[in-house]
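Let's take a walk through this structure together, one piece at a time. Have a look at it first, and then read on.

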Amino acid sequence: MNLLNCDAMNFFHNKNILLGVTGGIAAYKSVTLVRRLKDQGANVQVIMTESAQEFVTALTFQAISGNPVHTSLLDPQAEAAMGHIELARWADAIVIAPATANSMARLAGGEAGDLLTAVCLASKAPVALAPAMNQAMWSNQATQKNLQILKSRNIEIFGPAAGQQACGDVGEGRMLEAEEMTEKLASLFKQKTLSGIRVMLTAGPTREAIDPVRYISNHSSGKMGYAIAHAALEAGASVELVSGPCSLEVSERIQLSRVESAAQMLAAVQRNINEIDIFIAVAAVADYRPRAIEGQKIKKHADTITLELVKNPDILAMVASLQNRPFCVGFAAETENLEQYAKQKLESKQLDMIVANRVDKSDSGFNSDYNSATVFSANSTTEFEKSTKTRLATELIGLIASHYINDEKITEQHE
Ligand SMILES: Cc1cc2nc3c(=O)[nH]c(=O)nc-3n(C[C@H](O)[C@H](O)[C@H](O)COP(=O)(O)O)c2cc1C
């Protein structure tokens, strides 16, 4: 058993999971999903729509889940006990996999004409959907609009993945595999360690204008900062992200301020910093900017030109020096002497933690989807092996949350 399964098992032990299966080709994958969830200690009940039963039999799900499958809203036997309300109350989480375009439309429209939609409407449990459909159906404006409506109601969307489709098309619309679904479902049960905590992050590069068409910048893609912002959101925090120029997607539940230069980033951070509990400075802020920005494009006349640079404000140092400062986490992206530079930064800026990572490797760091890190605090060092930035972000948020909570406890004891 791998580490993921060990982790997930704690989250699923004795949890009641209601699986809704709708009428798509991917319905067969949900049989494996039931098996994985059962293996990890969950109680699983299944609702199948009428169409779903054309793809996989109810008997299959009954055998694998160990429970009778629910197929009808107007089932006299079950309805004697208000079956749909009973199921709605029973569920700790509802997952619809696969979720057809049709079922998404019904849910978005608040319909309750079949057992599955009626249960979703009647339940207070978190709901997750794993959409699966032809790529054109997925990208259709109608489906995308329904998706936005569902997201705005805090319904979790797992996937879809891109790739070869059953109909021969290639594109987005494949249902996630059972293992990935299980991991994502586990996150619904994770304790929300940062519930009620306000987190602000900076991410991405800054651009320091030379003239109206040129600027100085760096290779930061923003991927690490955006991943941490989403991990903080998943951990229950309310998140504000101040982002330099990058074209990454961001959840609607994150308050996003877009900026270009270091000066603009500083101004955006200062606006709300007094309301913030944890500040995480991931942005690769340019250390210097041109002293003056030319009003017109510099012409190519001289053989050499000299650009005079002046130091930019140090945003993290400014935040860390505030009287009522938030818990401050810095990033040190270095190409040499990683530990020494990171520890110097931790001390000189009086940070609570610093995340050090090497950015001279082509397979991790800037622009890559992978990263490794060493995190230093005043009295601890934690190593994180190379992994995807998404996974690393979740682990970093876990560590930051535990240090922050400990700090708060110590402060309370002294008061
Ligand atoms: C062979 C076949 C495969 C289908 N696959 C999908 C699919 O993968 N995703 C989807 O959204 N609809 C798919 N459909 C269409 C749905 O089955 C149809 O919209 C149905 O009304 C969905 O009902 P339900 O959402 O109540 O299960 C497929 C239809 C057929 C005939």
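**Around the ligand**

Let's start with the ligand: it has 15 residues around it, and Thr 22, Gly 23, Gly 24, Thr 100 and Met 133 come nearest. A residue is near a molecule if its C-beta atom, placed from the backbone, lies within 6 Å of it. What you're looking at is a predicted model, where local features need pLDDT of at least 70 and side-chain atom pairs count only at pLDDT 80 or more, while totals for chains, interfaces and linings use all residues. Numbering starts from 1 along each chain, following the sequence as written.

Which helix gives the largest share of this shell? That's helix H7 (residues 101-108), with three residues. Helices here are DSSP runs of H or I with at least four residues, strands are runs of E with at least two, and both are numbered from the N terminus. By type, the shell splits into seven nonpolar residues, eight polar and no charged. In this scheme Ala, Val, Leu, Ile, Met, Phe, Trp, Tyr, Cys and Pro are nonpolar, Asp, Glu, Lys and Arg are charged, and the others, Gly among them, are polar.

Now step back to the whole chain. Its secondary structure comes to 16 helices and 19 strands, and its C-alpha trace spans about 85 × 60 × 35 Å along the principal axes. The chain has 415 residues, and 41% of them count as buried. Buried is a matter of counting: 20 or more other C-beta atoms (placed from the backbone) within 10 Å of a residue's own make it buried, 12 or fewer make it exposed, and anything in between is partly exposed. As for contacts between residues at least 6 apart in sequence, 68% join residues at least 24 apart; two residues are in contact if their C-beta atoms, placed from the backbone, lie within 7 Å.

The chain is divided into domain 1 (3-189) and domain 2 (198-292 + 302-414), with bounds that come from an automatic or database domain assignment. The C-alpha centres of these two domains are 37 Å apart.

Next up is an open sheet of five strands, in the order E2-E1-E3-E4-E5 and with parallel pairing. Its edge strands are E2 (43-48) and E5 (156-157), each of which pairs on one side only. Strands count as paired if DSSP finds at least two bridges between them. E1 (residues 16-21) and E3 (residues 93-99) run parallel and are joined by four bridges, and Leu 18 stands opposite Ile 94 in E3. Helix H8 (residues 115-122) lies across E1, E2, E3 and strand E4 (127-131), at about 125° to E2. That angle is taken between N-to-C directions on a scale from 0 to 180 degrees, using axes that are lines fitted to C-alpha atoms, for helices over the stretch in contact.

Strands E6 (residues 161-164) and E7 (residues 170-174) are antiparallel and share four bridges, with Gly 163 opposite Gly 171 in E7. Five residues sit between the two strands, and in this hairpin Gly 168 takes a positive phi near 100°. Compare the hairpin of E9 and E10, which has two residues between its strands. E9 (residues 208-211) and E10 (residues 214-216) pair antiparallel over three bridges, and Glu 208 stands opposite Ile 216 in E10.

Let's finish with some loop residues. Asn 337 isn't a glycine, yet it has a positive phi of about 45°. Asn 337 lies in the loop between strand E16 (327-334) and helix H15 (338-348), and is exposed, with 10 other C-beta atoms within 10 Å. Gln 350 also has a positive phi, near 55°, and lies in the loop between H15 and strand E17 (353-358). Is Gln 350 buried or exposed? Gln 350 counts as exposed because it has 12 C-beta neighbours inside 10 Å.
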